[in-house]
Amino acid sequence: MAENQKNYDFTSIEKKWQEFWEREKIFRADDDSDKPKYYALDMFPYPSGAGLHIGHPEGYVASDILARYKKACGYNVLHPMGWDAFGLPAEQYAIKTGTHPSVTTKANVDNFRRQIKSIGFAIDWDREINTTDPGYYQWTQWIFLKLFQRGLAYVDEKPVWWCPNLKAVLANEEVVDGKSEVGNHPVERRNLRQVVLRITAYAEKLLEGLDELDWPDSTKRQQKAWIGRSEGAQVQFEIAGLDEELEVYTTRPDTLFGATYMVVAPEHPLLNQLTVAEKKDEVKVYVDAAAKKSDLDRTDLAKDKSGVFTGSYCLNPVNGEKVPVWVADYVLISYGTGAIMAVPAHDERDYEFAEKYQIEIRRVIAHPDRNEEKSKLPYSGPGLMVNSGKYNGMEATACKAKIIFDLETKGSGRGAINYKLRDWIFSRQRYWGEPIPLVWVSLEDFEKAKATEGILRNLLPTEPVTSDQDGTTLYALPLPAAELPLQLPKVENYQPAGTGESPLATIPDWLEIWYNLQTGESLPRTEPKPTGDRWVPATRETNTMPQWAGSCWYHLRYLDPKNGERLVDPAKETYWGGPDFYIGGAEHAVLHLLYARFWHRFLYDERVLANPEPFKKLFHQGLILGEDGNKMSKSVGNVVNPDVVIDAYGADSLRLFEMFLGPLEAVKPWSEKGIEGVHRFLKKVHRECLQTDKHLQDQESNKETLKVLHETILKVSEAIEDLRLNVAISQMMILVNQLQKVDSFSLDTIKTLLQLLAPFAPHLAEELWESLGGKPSIIFEPWPQARKELLVSDEITIVFQVNGKLRGEGQFPKDVDKDSVISAAKADTKVQTFLEGKEIVKEIYVPGKLVNLAAKG
RNA sequence: GCCCGAGUGGCGGAAUUGGUAGACGCAGCGGACUUAAAAUCCGUUGGCCGCAAGGCCGUGGGGGUUCAAGUCCCCCCUUGGGCACCA
């Protein structure tokens, strides 16, 4: 019995097999294979200084189980890992300590890699990537230049969140409740020069593409809402006494007769002309006040609408009625035309405003139930048109098209589509990001560049990209691909310029260059100007790219991580396609996943890629909470460190428990006791395996064991495919409980169990597989197939119900007919007690399952 | 405010298409082994009533459809997430 007492020494087992996998390159993905491919992708981590926390591996374990399972099923599997390593924390740390962000980043990456490796993932480490690697960001810059060339990048003054404490511009998502996410400092709105990507040009494609994706519905819905497509009409209103027209956008042209006032946004270009002399002061006070409000204030004060009458009137194109024009900040300049026709009877916001300022509220859509009493205003549902001249009596929804057509005929409107989606502010005033590979020259030099034969000329967008700086207009020229990567310069001081410019603006050597208009070559201005009139003075763009940039296309680089000639070899892209499975947090439902789709779709349109959509199947793992049910956080002190868990229970227990916790997509609390449970299960497997006197038989002779085994094969396989991994583990526990119960079982049975367990607890499975005489790696063994014929027993149990309540059961041969089951049910003594004095009114038989006798009386 | 998702024992959860609610695990209780402990194993464990046989109740609450509802429909409550004057 000595062998039975051998301990489950997970520490040495796990070390042994991790070394074996690495040495033998077991998980190398083959670029040149006849096998079908399977690409499982995790959202790659930002390697923070805090190291991995217990939430990170949740998704990784799930994708790893899938990857290992698919490999056993005969697929050529790619499961890579990399680092999204640009970002603010390393830069903040550099400001504080003077340590170069690359040093911090390297240390953090090393730590993350060590931690991830300790969990034993089936990762092809030869494909590791890092967004801060010049060999990587060269291609991030390359994609940007393509976008620039196609006119999808421009420069504009944009209001952005500015944090005076961090001296940095923050993205929307880095601002939480008016405070910076990092450090919780106050932030304010500031207009700053920004590089912007024209994602709005892709609004329609991004919307359409969603339909074919196997994504969570909620994520698709969020993206749809973010893109915010609406159909309606642009309508021109003549302005009384002015030779101008006021154009509005409306989704409800059918309510035109109910427009009792108009509103322009405080920033509207016609406001000044619209404002009559005696209203000038009042309007000015209002507009100034609105300008001082941040967007946040404007939304917060939403409950209380305000506005000022301009003194002007428009003429309603459908009936010539005079309609007063107001200015109010509940109308946004950034959406539609910045002006609306207000229909208080059928729009909540207009209703509120009209009530406050006692403007007429005129119903033009009748509620379908005709009960005027009941149909409160504002009413936005369907109905028949009233008070609408010749349109009266028509169905409002159907009338939209009719009115648009009539407006078009008269030349006072047209059908229009609008999107909520805004262009993407792509620049950050920071050091630790990809430099934007543009230079700025004078108009004169720009014209010269356009006239110069050479590569540069072909890289220019049709419309020049310009920027006003210190009163002069500068023109953007790209760096050609041969000049990439444009590397980050070494700096002494990481403090931002403080003016809203990046630290790069403080390095004259890097900033000021001689630039060759033909070749795009550059030299520091500190060197003498090379001869020839093709060399001109230029300054570099000092903005860097946002962290989203590197993550927009990393899924492609894994396919060909070391290619110096191309972003990805087309042959490899054709073979691998996109990830077959992509897993990551739901917090990226919109931004990362929308930006990545934008770039991917653009590269597809450029014929760089063969597929229009990057991520066909997407899954969001749920959050793992602390044991106290709260979100894990350092300040609460409920953070669980995977290193500690692995020390105590081993990586296999960690993996198994993260999956056993509950449904993958659910938010669920960690439990120290719970991990002991799965650890006990693994110990049991270990013990049953090494108890060699218990599995001497060749063939499985116990019918029950055989049945449970094949049930387990079936359920585990299905559960992995459906990512119901907690259920798969439960089923394996049921099988092990069975093996423990019987006196003996076959070697084959236990080896099959190990194969099923291998994706979940790979180290232990390898170890036991080897100890049973199997040749490593277990992952090369073909996945077991369930023999479904074993699952049907000759005898079946059928339950008897009376009025839906369980009253008995009986054993029957599996091909029993309905009549004999029903008579058996009626003969059951207990059933009879419940039928006494009653009349059977209906007999239900669900073949092989149950009888229900409905009785009355 | 609007749009989604969730609510099942003491706890995490299972029940894939309406068909035996509570699989599996944790915790609890009782027992075996042990000098003892740990480890392991066996039994038990939704609530109420009952000596028992057994009965009744039970999937957030209320109503409904059905022979049959955790599952479908309506209303409400709680909770998590998303959006937030987008005309």
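## Strand pairing

Two strands count as paired if DSSP finds at least two bridges between them. In this predicted model, strand β1 (residues 37–42) and strand β26 (residues 581–583) meet that condition, with three bridges in the parallel sense. One residue of β26, Tyr582, is the bridge partner of Leu41.

## The sheet and helix α2

Strands β1 and β26 belong to an open sheet of four strands, ordered β2-β1-β26-β27, with parallel pairing. Its edges are formed by β2 (76–78) and β27 (618–619), each of which pairs on one side only. Helix α2 (residues 56–72) packs on this sheet and touches β1, β2 and β26. The direction of helix α2 makes about 170° with that of β1.

## Surroundings of RNA strand B

RNA strand B is surrounded by 50 residues, and the closest are Arg221, Thr251, Arg349, Lys420 and Arg724. By residue class, the surface near RNA strand B divides into 19 nonpolar, twelve polar and 19 charged residues.

## Polar contacts with the RNA

Contacts to RNA strand B involve both backbone and side-chain atoms of the protein. At Tyr330, a backbone N or O atom lies 2.6 Å from a sugar or linking oxygen of RNA strand B.

Methods: Residues are numbered from 1 along each chain as its sequence is written. Chains are lettered from A and ligands numbered from 1 in the order in which they are written. This is a predicted model: local features need pLDDT of at least 70, side-chain atom pairs count only at pLDDT 80 or more; totals for chains, interfaces and linings use all residues. Side-chain values use heavy atoms; hydrogens and water are left out. Helices (H or I, at least four residues) and strands (E, at least two) are DSSP runs, numbered from the N terminus. Contact means heavy atoms within 4.5 Å. Axes are lines fitted to C-alpha atoms, for helices over the stretch in contact, and angles run from 0 to 180 degrees between N-to-C directions. A residue is near a molecule or strand if one of its heavy atoms lies within 4 Å of it. A polar contact is a pair of N or O atoms within 3.5 Å; within protein, one must be able to donate a hydrogen and the other to accept it, and residues adjacent in sequence count only if both atoms are side-chain atoms. Ala, Val, Leu, Ile, Met, Phe, Trp, Tyr, Cys and Pro count as nonpolar, Asp, Glu, Lys and Arg as charged, and the others, Gly among them, as polar.
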